[in-house]
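Please open the structure in your viewer and keep the selection panel at hand.

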Amino acid sequence: RAMCELATKLCHLGMTFFRSTHGGRHWSEARRPPAFPKAPEGQEGPAVDRVFCLTPGAANQPGVWWAGAVPHALFRSEDGGAGWELVRGFSDYLAGLREKGPARFFPTPGGAITHSILVDPRDAGHLYVSLSTGGCFETTDAGATWRPLNDGVSADFLPDPHPEFGQDPHCVAWSPANPDRLYQQNHCGVYRLDRPGMRWERIGKNLPAKVGDIGFSIAVHPQDPDTVWVFPMDGTAVWPRTCPGGRPAMFRSRNGGRSWVRLSKGFPERHGWFTV
């Protein structure tokens, strides 16, 4: 897209949104930034703290953009980011889940983050959206209705470690060459899902045990669905969120996570306490 999108927070003035159709040389503020509906008089409603994730719509929808916010919310623009509307189907769905299990939506240190918005290039109404915490969710009708997509993903921090929702995905990505192949770096492991299947497989168990499979990021090769990279963090009880043992390394799989190779050439051999 020949468009740049930028969300920013202006201290006490709140969150706003800028867009450029000139490759970033000139910017204009959105006439209607992402915002929750105004609360009834005398009541206090939620406010958008920041926009965490921006994703363009499908190729046949050149003006459509999606935005994930903090706290949990999904917004949609049909005019290239000039005006935004709350996806009420998503908010209503989450409200229903909170009534069923409010403790499963406790905020992470970064807040209640909506991220990893994936728009199916073959079907503009098919999206995946993930929440930290909350889990991964899917819609096939452009956000009107939703269902959880968390089967097989652990939530060791909850009384029930295998709930329907409440997991903590950190990053969900798919293969540009095969959108039916999804990967997930979760608070509790690395996973792969092959659609139309519904159950994630924990491929992170194939990483070295002394390294573990806890981290924040995951990336997929643009042409090869079987090639994926992760950058593990120390996932011990202290959760320092740095490289295990201070020895940073990326791990690559070329067979969909069945085996991994450590890649560390050029990184510090010790005292490399990175967070990625």
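**First stop: helix α1**

Select α1 together with β6 (73-77), β7 (85-86), β8, β9, β10 (135-139) and β11: the buried residues of α1 pack against these strands. Contact here means heavy atoms within 4.5 Å. Helices (H or I, at least four residues) and strands (E, at least two) are DSSP runs, numbered from the N terminus.

This is a predicted model, in which local features need pLDDT of at least 70 and side-chain atom pairs count only at pLDDT 80 or more, while totals for chains, interfaces and linings use all residues. Residues are numbered from 1 along each chain as its sequence is written, and side-chain values use heavy atoms, with hydrogens and water left out.

Next, colour F90, S91, Y93, L94 and L97, the buried residues of α1. Buried means under 20% relative accessible area, exposed over 50%, and partly exposed in between (1.4 Å probe, protein chains only). These residues lie on the same side of α1, because they cover an arc of only 160° around the axis; the arc is that of the directions from the helix axis to the C-beta atoms. An α-helix has 3.6 residues a turn, so residues three or four places apart point the same way. On the other side of α1, select R88, D92 and E99, which are exposed.

**Second stop: the nonpolar cores**

Which residues have the most contacts inside the largest nonpolar core? Select W66, L74, F90 and F137; the core has 20 residues. The elements giving two or more residues to this core are α1 (88-100), β8 (113-119) and β9 (127-132), and α1 gives the most, with four. A second, separate core of 14 residues includes A173, L207, I218 and V230. A nonpolar core is a set of buried Ala, Val, Leu, Ile, Met, Phe, Trp, Tyr and Cys residues joined through side-chain atoms within 4.5 Å.

Move to the loop between β11 (147-148) and β12 (169-175), where D168 lies. D168 is buried yet has no salt bridge, and the nearest side chain of opposite charge, R241, is 6.9 Å away. A salt bridge is a side-chain nitrogen of Lys or Arg within 4 Å of a carboxyl oxygen of Asp or Glu. Lys and Arg count as positive and Asp and Glu as negative; His and the chain ends are not counted.

**Last stop: M198**

Finally, select M198 in the loop between β14 (189-194) and β15 (214-220). M198 and D151 are 47 residues apart in sequence and 6.5 Å apart in space, C-alpha to C-alpha.
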